[in-house]
Amino acid sequence: APAPPPARHLFGDPAEVEALRGNLLAWYDRCKRDLPWRALVRGDIEKPGPALLPAVWVSEIMLQQTQVATVIDYYNRWMQKWPTLQALAQASLEEVNELWAGLGYYSRGKRLQEAARKVVSELAGRMPRTAEDLQKLLPGVGRYTAGAIASIAYGQATGVVDGNVIRVLCRLRCIGADSGSPAVIDRLWDMANVLVDRSRPGDFNQALMELGATVCVPKSPLCGECPVKQHCQAWRRKLFGKPAPVPDVEDCGVGDCPLCPPAMEPWDSSLGVTNFPRKAAKKPPRAMRTATCVLERRGCHGAPEYLIVQRPSSGLLAGLWEFPSLPLAQDLQEEKEREELAGHLQAWMGWPVAAKGLQFIGEVIHIFSHIHQTYVVYSLQLDGDVTPDPALSPSRWVTEDEFHASAVSTAMKKV
Ligand code: SF4
């Protein structure tokens, strides 16, 4: 078994843990942001009657990869429309995608709804209440979300580790090894489980995340205002040059310390506490080109209408609607791209489409988390009616307003 990490990377002193909990919770009570999902608390969820949808579940899923300011409006609309597990279970995927449109990472909404269906149909409408069961039984609920729901909605004394918590804990304990590595992540979970307050676990977890979101921020943390600075090894190191009581970061007591910064990249005093956390360099996003064609016709009232088609039910942007599109090989000549798109449209509509009839409009760039997508946009005006082969993907004609109200991605709105 690997040797345990040196004491200064851990929280081994019960008196210090107690003091840290008290300081953090007192600060949270004074300073927490007023967020709509904090209004629905444990007592509400446990009331008799139709099972309420735990607010923390919806908000945590929406907050994955998305800013708080963006989420608030989506969250309010979602909870107004589907306040209970039963209501969400009865919604259609189309409705879910429509409400989610613009929030990105669409599989999150779909899986939230699938999980609600599962609770209603297989678990007799009763939400699992421990982190272990939530993670095991509900699709789309990973370790972090399970811990957040179990502690915040149901009071289980279990820790959580998200990006904010990683940053705070790495700074509190001068952890400079790659914070995305499984070994470090495991240690951080152990630490979060040691630290979590036994009587107010949900508030404690929210306080730790709130500290990371508002005080211990990535670039210019407000250490002077931090309620736990007296427990912070990185802050001490910045103030006194060396962490106490161990004499030096590079000299952790065991030589190859698994949690210290790599020996080749020691503490950089110009960075201060932002020496932590550290991450291995990310892979650059993959470049993709997609030709897309806005097909336009005059609707029965003379207003323009546009053809949209539905994407497959799995993969990127599953089930969303888009203008007919075709992924392209890299480095094709423009003329060749146009021909390929014309061929695709022709096969799809059963009509001859001349490549030179496609009007080039411009390029739109959209960054997905792992893909740098360039849409090469064309348009084509149609005189007569076109009814695509019903054996192909579902399609429909929409006005501009209908387009914006449909389940279409932000990338397609840009197009
Ligand atoms: Fe973060 Fe600074 Fe507080 Fe340490 S003292 S936890 S680095 S804000």
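User: How many bridges join β1 to strand β4, and do the two run parallel or antiparallel?

Analyst: This is a predicted model. When reading a strand pair, look for the number of bridges and the direction. Here, β1 and β4 (residues 325–328) are joined by 4 bridges and run antiparallel.

User: In which sense do strand β1 and strand β6 pair?

Analyst: Strand β1 covers residues 286–298 and pairs with strand β6, residues 371–381, in the parallel sense, over 11 bridges. To locate this pairing, go to E296, which stands opposite Q381 in β6.

User: Which way do β1 and strand β2 run, and what lies between them in the hairpin?

Analyst: These strands run antiparallel, with 3 bridges joining β1 to β2 (residues 304–310). R298 has P304 as its bridge partner in β2. The hairpin has 5 residues between the strands, and G302 takes a positive phi near 90 degrees there.

User: How should I think about side chains along a strand?

Analyst: In a regular strand, side chains alternate between the two faces of the sheet.

User: What is the space taken by the ligand?

Analyst: That space is the largest cavity.

Conventions:
Residues numbered from 1 in each chain as written. Predicted model: local features only at pLDDT ≥ 70, side-chain atom pairs only at ≥ 80, totals over all residues. Heavy atoms only, no water. Pairing = 2+ DSSP bridges. 1 Å grid on protein atoms, 1.4 Å probe; cavity = no way out; pocket = protein on both sides within 12 Å on 5 of 7 lines; lining within 4 Å. Sits in = over half its atoms within 2 Å of the grid points.
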